[in-house]
Amino acid sequence: MLHPLRFAAPVRLALACALLSSHLSFAADEAPVPRPAPVGPLASPLPGMPERPAVGPRGTLGADVYRKRRQALMATFKTGAALVVNEMSFDGLREGMDFYYLTGIDEAGAALLLEPTAPATPFYTWAREALFLSSLDVEGERVHGARAQLPSNALEVATGFAALNRSRWLPPALVEACVHRGGLTFVGQYRAEPAPRPKAMDAYARAQERTYGCKVNDFNGAIARLREVKEPAELALMRQAIVYTGAGHAAGLKAVHAGAHEYEVKDAVEAAFKHAGSRHLAYESIVGSGSDSTFLHYGKDDRVMKAGELILLDVAAEAEYYAADVTRTLPVSGKFTAEQRTIYDIVLKAQAAGIAAARAGVRVADIDAATRRVIQEAGYYDYYVHGCCHFVGLEVHDPGDYDAPLPAGAVITVEPGIYLPQRGFGVRIEDEILITPTGAELLTGAIPKDPAELERLMAAGH
Ligand SMILES: [Mn+2]
């Protein structure tokens with residue numbers, strides 16, 4: 001019953017065995033014991049890092065928010081050891097935010113191991129919640145910035161974790177979990193090809209190769225279901241992201257005129273996001289004029305827009321990684337043609353039908369059907385070529401269960417569209433709503449979409 005994770009030196013093994021035998025019988029319902037604040041002359045600030053720790057929650061939510069999320073997750077699976085690897089990436093869309101959701105930490109190569117049946121009191125760096133950080137690289141850190149050595153009381157306090165380890169200790173920790181914790185527990189999300197396999201699955205497969213009969217407890221989607229329901233503090237950040245997004249849309253509306261390049265509008269929008277206070281884009285901006293507006297995710301932006309065309313702006317900012325997602329379609333010359341206005345009004349009516357159908361307990365499919373019915377009755381069924389809605393949060397396409405009834409507190413988009421390549425234009429109108437027990441709150445209502453108001457604003461040069 002030795003624990004290779006903490007006791008590499010043989011001289012310590014006897015002690016380890018003696019201590020472990022009493023620890024392994026601890027129940028999961030004890031509250032974790034927080035560590036005290038750092039003490040001593042070297043404890044704080046971290047040596048060489050006077051301003052802020054190199055690792056720790058990045059935003060304003062505070063370590064307690066993340067600890068509560070981890071406890072809520074552990075309450076769902078109760079047994080085994082759950083590994084969550086930081087797989088954060090931005091490839092047009094930000095993805096892989098499970099680790100960030102549970103830690104507030106955006107450190108590359110970091111991982112989290114949750115073991116609800118581990119003792120409440122940490123045994124050196126063996127604990128119910130343990131953070132694994134990539135190894136120190138002394139020369140690399142001269143380039144990228146200094147990182148703390150472990151153990152570090154200050155880093156424990158900054159991260160909110162009583163147990164900090166280097167990632168080389170992860171394989172033995174998983175084998176230990178197979179032996180003593182009732183196996184391994186999958187809390188991520190299945191991903192079909194061609195997406196890469198979740199890193200936790202790879203790590204579990206390797207642990208299973210080094211043990212006999214180590215089981216994986218399947219809690220596929222456990223984190224995703226937690227992420228569906230937005231807490232008040234994260235809703236405040238999502239509202240902030242929408243304020244930034246509104247500034248960008250206002251700047252975009254001003255920058256649209258016949259003879260302008262799409263990229264001029266895009267630059268104006270993105271500069272306004274940053275000026276308002278947003279650090280990152282929620283996703284790569286989609287700015288398509290004329291026939292470009294008929295593509296859903298149009299990536300080029302070098303077309304010159306002409307009078308009489310439409311321009312579609314699917315652009316949004318973020319706040320502390322919380323994304324917004326808003327689309328508006330504007331007339332380049334400031335006035336819709338009769339045909340454009342007809343289509344615009346159908347899309348607006350479809351969106352209103354979708355929002356009216358939304359409340360806790362309904363499925364996304366019900367909202368989709370409400371939008372699709374309006375467009376079908378108008379005769380444009382074949383030209384609505386995507387789903388109505390998706391979850392929004394730390395990822396613009398946030399994970400969630402599309403099959404289950406929507407919970408109160410979920411934030412989704414409602415974004416019907418009609419795309420008519422043969423007529424040289426497309427219309428999409430996208431807003432975000434907060435699902436409530438009795439209906440839905442329109443979160444993005446301050447960003448104008450009423451066609452008469454858009455024409456008035458554009459005529460006034462706003
Ligand atoms: Mn969207």
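The structure is a predicted model, in which local features need pLDDT of at least 70 and side-chain atom pairs count only at pLDDT 80 or more, while totals for chains, interfaces and linings use all residues. Residues are numbered from 1 along each chain as its sequence is written. The pLDDT is the predictor's confidence in each residue, on a scale from 0 to 100. For the protein chain it averages 88, and 88% of the residues score at least 70. Over residues 1-29, however, the pLDDT is below 50, and this stretch has 33 contacts in the model beyond near neighbours in sequence. A contact here requires that the C-beta atoms of two residues, placed from the backbone, lie within 7 Å. Where pLDDT is low, the predicted coordinates should not be read in detail.

The protein chain contains 13 helices and 18 strands. These elements are DSSP runs numbered from the N terminus: helices are H or I with at least four residues, and strands are E with at least two. Of the 462 residues, 44% count as buried, a term that applies if 20 or more other C-beta atoms lie within 10 Å of a residue's own, with C-beta atoms placed from the backbone. Among contacts in the chain with a separation of 6 or more, 71% come from residues 24 or more positions apart.

The axis of α6 comes within 9 Å of that of helix α7 (residues 199-209), and the two cross at roughly 65°; axes are lines fitted to C-alpha atoms, for helices over the stretch in contact, and angles run from 0 to 180 degrees between N-to-C directions. From α6, L170, P171, L174, V175 and C178 meet A203, Y204, R206 and A207 of α7. The residues of this contact divide into eight nonpolar, no polar and one charged. Here Ala, Val, Leu, Ile, Met, Phe, Trp, Tyr, Cys and Pro count as nonpolar, Asp, Glu, Lys and Arg as charged, and the others, Gly among them, as polar. Just after α6, G182 takes a positive phi of about 80°.

A82 has L114 in β4 as its bridge partner. Four bridges also join β4 to β5, again antiparallel, with L131 in β5 as the partner of L112. In a regular strand the side chains alternate between the two faces of the sheet. In β4, A111 and L113 point one way, L112 and L114 point the other way, and all are buried.

Elsewhere, three strands form an open sheet in the order β9-β10-β13, with antiparallel pairing; strands pair if DSSP finds at least two bridges between them. Its edge strands, β9 (286-289) and β13 (327-331), each pair on one side only. Neighbouring strands of the sheet are turned by 15° against each other on average, direction ignored. Four bridges join β9 to the antiparallel β10 (residues 310-314), and G288 stands opposite L312 in β10. Helix α10 (residues 262-276) packs on the sheet and touches β9 and β10, its direction making about 145° with that of β9.

Conventions:
Buried ≥ 20, exposed ≤ 12 C-beta atoms within 10 Å, placed from the backbone.
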